[in-house]
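Please keep the sequence and the model in view while reading.

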Amino acid sequence: QVQLVESGGGLVQPGGSLRLSCAASGSSVSFDVMGWYRQTPGKQRELVATVTSGGVTSYADSMKGRFTISRDSAESTVYLQMNSLKPEDTAVYYCNAKRIIFGLWRTYWGQGTQVTVSS
């Protein structure tokens, strides 16, 4: 049973920084893609950033230049460094991991961690 456990959320002032971490447990198989999504009340979950097992990264336009995603594939851990945070970055951030098993994509989600940007 794969579990993704996030940490690092909290309250930060506008312009501040936070680093989110997500560690996978319960599986000895690495993930093809790991990433972060976020969701605010009444809105759909949206992509923040992803990183492949080969290190290729992708970001939502509004996060480019402010957020950096990285991963430690050996530890099945993914990080999200968030700088220059804005109030509109306030959301629950979810860790996501995907892998191909027998030709089919399997997707896993963490429980979410709250990030609040406010003065």
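The model is predicted: local features need pLDDT of at least 70, side-chain atom pairs count only at pLDDT 80 or more, and totals for chains, interfaces and linings use all residues. Residues are numbered from 1 along each chain as its sequence is written, and side-chain values use heavy atoms, with hydrogens and water left out.

Strands here are DSSP E runs of at least two residues, numbered from the N terminus. β7 and β8 run antiparallel and are joined by six bridges; two strands pair if DSSP finds at least two bridges between them. S70 stands opposite Y79 in β8. The covered face of β7 holds F67, I69 and R71, and the uncovered face T68, S70 and D72.

T77 is found in strand β8. T77 counts as buried because its relative accessibility is 9%, buried meaning under 20% relative accessible area with a 1.4 Å probe, protein chains only.

The table gives contacts (heavy atoms within 4.5 Å), not counting residues up to four places away in sequence.

| Residue | Residues touched |
|---|---|
| T77 | C22, A23, M34, S70, R71 and D72 |
| M82 | G16, S17, L18, L20, R66, F67, Y93 and V115 |

The largest nonpolar core has 29 residues, and W36, L80, M82 and Y93 have the most contacts inside it. Such a core is a set of buried Ala, Val, Leu, Ile, Met, Phe, Trp, Tyr and Cys residues joined through side-chain atoms within 4.5 Å. Elements giving two or more residues to this core include β7 (67-72) and β8 (77-82).

Terms used:
Buried means under 20% relative accessible area, exposed over 50%, partly exposed in between (1.4 Å probe, protein chains only). Helices (H or I, at least four residues) and strands (E, at least two) are DSSP runs, numbered from the N terminus.
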